[in-house]
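Hi everyone, thanks for coming. I'd like to walk you through one model today, going from the overall layout down to single side chains. Here it is on the screen.

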Amino acid sequence: MPDDLRITVDEVRRRQNGGEEFVFLDSRNPQAWAESDAKIPGAIRVPLEQLQQHLSEIPKNKPIVAYCT
């Protein structure tokens, strides 16, 4: 994956501290999501294999940060 499509946790924090807002997209599969204690409040949960069906639910006015395990 090209580096310009990746962002570190530190970079997200720095930009949030500067006032930027993000849409967080949790793309973990249902099993990984259920087994994890780590969940970002307000994240949109869409398993990667269902992304196409849920595109209309994802805001397009903010940068999107997708994450998985």
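**The overall layout**

The secondary structure of this protein comes to three helices and three strands; helices (H or I, at least four residues) and strands (E, at least two) are DSSP runs, numbered from the N terminus. Please keep in mind that this is a predicted model, where local features need pLDDT of at least 70, side-chain atom pairs count only at pLDDT 80 or more, and totals for chains, interfaces and linings use all residues. Residues are numbered from 1 along each chain as its sequence is written, and side-chain values use heavy atoms, with hydrogens and water left out.

Reading from the N terminus, the elements go α-β-α-β-α-β. The C-alpha trace spans about 35 × 25 × 25 Å along its principal axes. Of the 69 residues, 22% are buried. Buried here means under 20% relative accessible area, exposed means over 50%, and partly exposed is in between, with a 1.4 Å probe and protein chains only. Now take the contacts between residues at least 6 apart in sequence: 46% of them join residues at least 24 apart, a contact being heavy atoms within 4.5 Å.

**The sheet**

Let's turn to the strands. In what order do the three strands of the open sheet sit? The order is β2-β1-β3, and the pairing is parallel. That leaves β2 and β3, residues 64-67, as the edge strands, each pairing on one side only. Two strands pair if DSSP finds at least two bridges between them. Strand β1, residues 23-26, is joined to β2 by two bridges and to β3 by four bridges.

**The largest pocket**

Next, the empty space. Rolling a probe the size of a water molecule over the atoms shows where empty space is left. The largest pocket has a volume of about 860 Å³. On a 1 Å grid over the protein atoms alone, a pocket is an open set of points where a 1.4 Å probe fits, with protein on both sides within 12 Å along at least five of seven lines, and lining residues have an atom within 4 Å of a point. The volume is the space filled by probe spheres set on the points, which are joined across faces, edges and corners.

The lining of this pocket is made of 33 residues, and I7, I64, V65, A66 and Y67 lie nearest the centre. Which element supplies the largest share of the lining? That is α1, with five residues. Helix α1 (9-17), β1 and β3 each supply at least two residues of the lining. By class, the lining has 21 nonpolar, five polar and seven charged residues. Ala, Val, Leu, Ile, Met, Phe, Trp, Tyr, Cys and Pro count as nonpolar, Asp, Glu, Lys and Arg as charged, and the others, Gly among them, as polar.

**Salt bridges**

On to the charges. The structure holds five salt bridges, each a side-chain nitrogen of Lys or Arg within 4 Å of a carboxyl oxygen of Asp or Glu.

One of them joins D10 to R13, with the closest N and O atoms 3.8 Å apart. Both residues lie in helix α1, three residues apart, about one turn of the helix. D10 counts as exposed because its relative accessibility is 57%.

Another joins R14 to E11, and here the closest N and O atoms are 2.6 Å apart. R14 and E11 are also three residues apart in α1, about one turn. R14, at 52% relative accessibility, counts as exposed, while E11, at 26%, counts as partly exposed.

The side chains of R15 and E20 also meet in a salt bridge, 2.8 Å from N to O. R15 is partly exposed at 25%, and so is E20 at 28%.

**Two last stops**

L48 sits in the loop between β2 (44-45) and α3 (51-54). Is L48 buried or exposed? At 56% relative accessibility, L48 counts as exposed. L48 and S27 are 21 residues apart in sequence, but their C-alpha atoms are 5.1 Å apart in space.

Finally, H54 lies in helix α3 and counts as partly exposed, at 22% relative accessibility. H54 and I44 are ten residues apart in sequence and 10.0 Å apart, C-alpha to C-alpha.
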